[in-house]
Amino acid sequence: MEAVSTLALGVELQLVPTEDGGRGTALKGGHAPGDRFTYRPNWGLPVWGAGEQTAGPVLGFSTEDIQPGDAVRAVLVPTIPDHLPGWRKVEVGAVLRMYEGPRVCGLGTVVWIEPATWPMPTREQEQFTGWLKVETGPGTRRLS
């Protein structure tokens, strides 16, 4: 596969609690090499209508064993070239809808956006997962 120019986006992700329609099970999470890009939700861009989605596999999460309702950091990478023009209009502070099928399972607030390559070389993966490894508080928190 020939490498293409894409983006990496760092988001503060709030999962929807199960009782509010979110997923019913935990996400494995993490950012170890074997865990990267294993979770592949779709995302709704801010200018798109409800239900419109595009791929953006998650490079990694700031923690493991993420429960519905938890808040974590995540890095996602758009992979569909035809949808990149829409991704390039996303700005820091925008909120992305995270979908599993037709269900919104999380909301991600964009914290940073950087140029990236797909497929992503190991050195880029290490660069972007570095942000996930920085301690910013006591870990995940639950919605009340």
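Let's start at arginine 36, which touches His31, Val58, Leu59, Gln125, Glu126 and Thr129, leaving aside residues up to four places away in sequence; contact here means heavy atoms within 4.5 Å. Arginine 36 sits in the loop between β2 (27-29) and β3, where helices (H or I, at least four residues) and strands (E, at least two) are DSSP runs numbered from the N terminus. Is arginine 36 buried or exposed? It is buried, with a relative accessible area of 9%; buried means under 20%, exposed over 50% and partly exposed in between, using a 1.4 Å probe and protein chains only. The side chains of arginine 36 and glutamate 126 are joined by a polar contact of 2.9 Å. That term covers a pair of N or O atoms within 3.5 Å; within protein, one must be able to donate a hydrogen and the other to accept it, and residues adjacent in sequence count only if both atoms are side-chain atoms.

A word on the model itself. It is a predicted one, with local features needing pLDDT of at least 70 and side-chain atom pairs counting only at pLDDT 80 or more, while totals for chains, interfaces and linings use all residues. Residues are numbered from 1 along each chain as its sequence is written, and side-chain values use heavy atoms, with hydrogens and water left out. The mean pLDDT (the predictor's confidence in each residue, from 0 to 100) is 93, and 94% of the residues reach 70 or more. Over residues 138-144 the pLDDT is below 50, and this stretch has 15 contacts in the model beyond near neighbours in sequence.

Now for the sheet. Seven strands form an open sheet in the order β4-β3-β8-β9-β1-β7-β5, with antiparallel pairing; two strands pair if DSSP finds at least two bridges between them. β4 (54-55) and β5 (58-61) stand at the edges with a single partner strand each, so one side of each has no neighbour in the sheet. Helix α2 (residues 122-133) packs on this sheet, touching β1 (4-15), β5, β7 (71-76) and β9. The direction of α2 makes about 135 degrees with that of β9, taking axes as lines fitted to C-alpha atoms, for helices over the stretch in contact, with angles from 0 to 180 degrees between N-to-C directions.

Walk across the strands from β3 (residues 42-44), which three bridges join to β8; glycine 44 has arginine 97 as its bridge partner. Five of the six residues of β8 are buried. Next, β1 and β9 share twelve bridges, with leucine 7 opposite proline 115. β1 also pairs with β7 over six bridges, and leucine 9 is the bridge partner of leucine 76.

What about the interior? The largest nonpolar core has 23 residues, of which Leu13, Trp43, Phe61, Trp87, Val90 and Leu96 touch the most other members. Such a core is a set of buried Ala, Val, Leu, Ile, Met, Phe, Trp, Tyr and Cys residues joined through side-chain atoms within 4.5 Å. β1 gives the largest share, five residues.
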